Amino acid sequence: MNVEQVDVAIVGAGPAGLSAARIAARAGVRVALVDDNPRVGGQIWRQGPAHAPSVPLRRWLDETRSHANLIAMNATRVAAAPGDKRLLLERDGAPLVLAYSKLILATGARERLLPFDGWTLPGVTGAGGLQALVKSGMSVRGERIVVAGSGPLLLAAADTARRHGARVVAVLEQAPFERVARFVASLASTPGKLAQALALGVACYRTSSVVVAAHGSARVEAVRIRAHGRDETLEADRVACGYGLVPNATLALGCATDERDGAIHVDDAQRTSLEDVFAAGECTGIGGMELASVEGAIAAHAALDIAIDARLARDRDRWRAFARRVAHAFELGADARAMPSPDTLLCRCEDVSIGEVAAHANWRDAKLQTRCGMGPCQGRICGEAASVYFGWPREAARPPFAPVRIDTLIAAGERTDAPAPIS
């Protein structure tokens, strides 16, 4: 089996990973940038047939193109971490071992999806999911779309859909008007964010509103919503519903994590509880692309034993304060946390209903008795929903961390006698 050796391995090619990779590549060390998407950029700078690289991503591509010491491993999955500073990867359908001296986890976030009646109908996606699909080339021209859930991502998703020809029927924010208004007023301290908010603003934005059910025969035809305690029905061809983001700490590798949201714990140098393992970006807490970029830079400096500029630390503190304001403004309320009917599916992979899961005392029992959380997503979706509805703690993911070929799993048990990574 092939073994690739690098000084710094970075998992995740979003803002945090790209920032870390740029600094490490400039330092002249051998760097591997691993990401399961076909192109770098992550969700925020996702490229696709209908979406050219954004200006920041184009700048990164131009700056790093000349660095032969940077290996971009796109469309590559991390299957396992067999130890001895090694990751088992699957690339082009074949297993590969990546040996490293320092590891930076920049695995980003995933969308929090909360079930509602009819959420398994074709035409239902997450808000971020809709944005990713549109950027990847899915046509929404002429479609009536309801975007719902919580957080600034709703406006970005609605704007993306609208610019690609969709008719955005409504943007439904679960948070109350007062909290959203205070948050918008606070953007005066971050003028760039205020400009973004004004540019994305839509006339159909409604607060204190949630999706209750999606209706249709073969696909979504209408959406029942609850706004200020009253139900109404909106005709729609698609509903995109996401209740914010949660840290994607699937690849925590045993690092200490936060019991509340599963974020990887880091110190002021982005070091985790494991030696020579660093983490940056939204896997350490939701904070946006600016914070992720700064944390990626700090992690790279620390991994390379380069002094961390005081300006970076100040920028990180500033964006962390902004992240706290976002979290407070869009904290889930009672309507968002309200449990749907017992017949509603909680686990789409294994067709397990909320009622079946609610009959058990904890997540482990539910998994053993119902197979909830044992499908391809390994509980990433239903486990988060169960945490919201039942207060159950999140479980750490176990390898394989992603669906991979049986050849790759067999390779996990094979010995590799290649020399140790460069120190």
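Begin with the second largest pocket, which has a volume of about 790 Å³. A pocket here is an open set of points on a 1 Å grid over the protein atoms alone, where a 1.4 Å probe fits, with protein on both sides within 12 Å along at least five of seven lines; its volume is the space filled by probe spheres set on the points, which are joined across faces, edges and corners. The model is predicted: local features need pLDDT of at least 70 and side-chain atom pairs pLDDT 80 or more, whereas totals for chains, interfaces and linings use all residues. Residues are numbered from 1 along each chain as its sequence is written, and side-chain values use heavy atoms, without hydrogens or water.

Select the 33 lining residues, where lining means an atom within 4 Å of a point. Gln378, Arg394, Glu395, Ala396 and Ala397 lie nearest the centre. Strand S18 (245–247), helix H11 (363–370) and helix H12 (382–390) each supply at least two lining residues. Helices (H or I, at least four residues) and strands (E, at least two) are DSSP runs, numbered from the N terminus.

Next, select Tyr389, in helix H12. Tyr389 counts as buried because its relative accessibility is 11%; buried means under 20% relative accessible area, exposed over 50%, and partly exposed in between, with a 1.4 Å probe and protein chains only. The peptide bond from Pro399 to Pro400 is cis, with omega near 0°.

Now turn to the open sheet, in which five strands pair in parallel in the order S10-S17-S11-S12-S13. Two strands pair if DSSP finds at least two bridges between them. Strand S10 (124–125) and strand S13 (205–206) are the edge strands, each pairing on one side only.

Finish with two loops. Asp92, between strand S6 (86–91) and strand S7 (94–99), has a positive phi of about 55°. His228, between strand S15 (222–227) and strand S16 (230–235), also has a positive phi, near 55°. Most residues other than glycine have a negative phi. Asp92 counts as exposed at 72% relative accessibility, and His228 counts as exposed at 59%.
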